[in-house]
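Please walk me through this model, element by element.

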Amino acid sequence: MSGSVLYVYAVSGSFSGSLAAAGLHGAPLRAIADGPLEAIYSEHAVAPEPDEKLLWAHEQVVEDLMESTNILPMRFGSTVESREALVGLLKERREEFMASLERVRGAVELSVRAQLPVAADPDKRAPSAWQSQPGTAYLLERARRQHRSEDAAELIHRPLAALARTSAPKPGVGGPGAFKAAYLVDEESVEAFGERVGELNSTLADTKVSCTGPWPPYSFVSEAPR
Amino acid sequence: MSVDRAQAERRRKGEREAWQARREASRERQQQGVSRALRDRDVSLLDLVDRLLAGGVVIHGDITLAVADVDLVYVGLRALIASVETIERDMGVSLTATGPSLKGSPL
């Protein structure tokens, strides 16, 4: 197959497993090494466009690799032009990749979303009370939001973070009371983490905490915020 | 010292085996068409999109989906997004709105 782009799935430390599974569109998986690092890729005539099926296919490849070795997952759609470019990437960023691989070794990512109940705001039902004082209304609203996010941190984040190696708040959460975070959890603590999520669900009334995983450590591939 | 090492090795071996057993169990569930251990299918889809399009190692300069283009990618994923909009609403998460959630994860 003479593809024109190399689609990269993951970077790993000296990979010794077999690459049996196929990649996107059934393309065979290949590995290329530079020093202590390897990149797993497949060749394609054109860069694959994301759709639900291909997103899961990418995920499947990365999860399969994760079973046999320590890896850093690539973002969907990461392509390079040639094997030389791929080797160059491994060479150029060796230090960063080695450090990141070490940081995620033996751990997986768990995703947590929760929706805390938003208490009925009595002020909302009596707008006239603060129409004359917009500044007060603003401060009250701010305090309410602040309080809510502290609640989430206190009630959900803290007990979960205690079981995690590290965590990353995930941006883009919608309405008040919404909570979203990623946790890097030791493999042996995954079960305990799931149990604690269950406990949270049974102890926090009107709050749904959902946890998915184990995921490859997508949210923990680099140390510095991007 | 060597006792410590032997213990550590035994522990690692035990951990590895437990992990593989969990993996095996999860694979079986997948084969049965059931979502993974902790997964709920629709929430998984949200998390999948969130991770694969906003997380992971980025190849600077060579990447097809630059961070700034993620919104465009989402336009191309309308069908996918439509199917999860209900969940977003129910869960109060904003994935499709203006896209701040996709401008890269904090780490």
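Helix 1 of chain A has a buried set made up of L55(A), A57(A), H58(A), E59(A), V61(A), V62(A), E63(A), L65(A) and M66(A). The length of the helix can be checked. Helix 1 covers residues 52-68 of chain A, 17 residues in total, and at 1.5 Å a residue it should span 24 Å. Its end C-alpha atoms lie 25 Å apart, which agrees. The model is a predicted one.

Chain A as a whole contains seven helices and nine strands. Of its 226 residues, 38% are buried. Among contacts in chain A with a separation of 6 or more, 72% link residues 24 or more positions apart.

Now the sheet. Four strands of chain A form an open sheet in the order 7-8-6-9, with antiparallel pairing. Strand 7 (166-169) and strand 9 of chain A are at the edges; each has a single partner strand, so one side of each lacks a neighbour in the sheet. From one strand to the next, the twist averages 20°. Helix 7 (residues 190-203) of chain A packs on this sheet and touches strand 6, strand 8 and strand 9 of chain A. The direction of helix 7 makes about 165° with that of strand 9 of chain A.

Strand 6 (residues 107-115) of chain A pairs with two of these strands. Nine bridges tie strand 6 to strand 8 (residues 178-186) of chain A, running antiparallel. There, V108(A) stands opposite V185(A). Six bridges tie strand 6 to strand 9 of chain A, again antiparallel. Here R113(A) faces S210(A) of strand 9. Strand 9 (residues 208-215) of chain A is an edge strand, yet seven of its eight residues are buried.

The largest nonpolar core holds 54 residues, and V8(A), Y9(A), A10(A) and V112(A) have the most contacts inside it. Beyond its neighbours within four places in sequence, V8(A) contacts A39(A), Y41(A), M74(A), S78(A), T79(A), V80(A) and L86(A). Another core, of nine residues, lies apart from the largest one and includes F76(A), L45(B), L53(B) and A54(B).

How far does confidence extend? Chain A has a mean pLDDT of 84, and 83% of its residues reach 70 or more. Confidence in chain A is highest in strand 4 (residues 71-73), at 96, and lowest in helix 4 (residues 122-125), at a mean of 48. Across residues 122-126 of chain A, pLDDT stays under 50, and the model has three contacts beyond four places in sequence for this stretch.

Terms used: Residues are numbered from 1 along each chain as its sequence is written. Chains are lettered from A and ligands numbered from 1 in the order in which they are written. This is a predicted model: local features need pLDDT of at least 70, side-chain atom pairs count only at pLDDT 80 or more; totals for chains, interfaces and linings use all residues. A nonpolar core is a set of buried Ala, Val, Leu, Ile, Met, Phe, Trp, Tyr and Cys residues joined through C-beta atoms within 7 Å. A residue is buried if 20 or more other C-beta atoms lie within 10 Å of its own, exposed if 12 or fewer, and partly exposed in between; C-beta atoms are placed from the backbone. Two residues are in contact if their C-beta atoms, placed from the backbone, lie within 7 Å. Helices (H or I, at least four residues) and strands (E, at least two) are DSSP runs, numbered from the N terminus. Two strands pair if DSSP finds at least two bridges between them. pLDDT is the predictor's confidence in each residue, from 0 to 100. The expected span of a helix is 1.5 Å times one less than its number of residues. Axes are lines fitted to C-alpha atoms, for helices over the stretch in contact, and angles run from 0 to 180 degrees between N-to-C directions.
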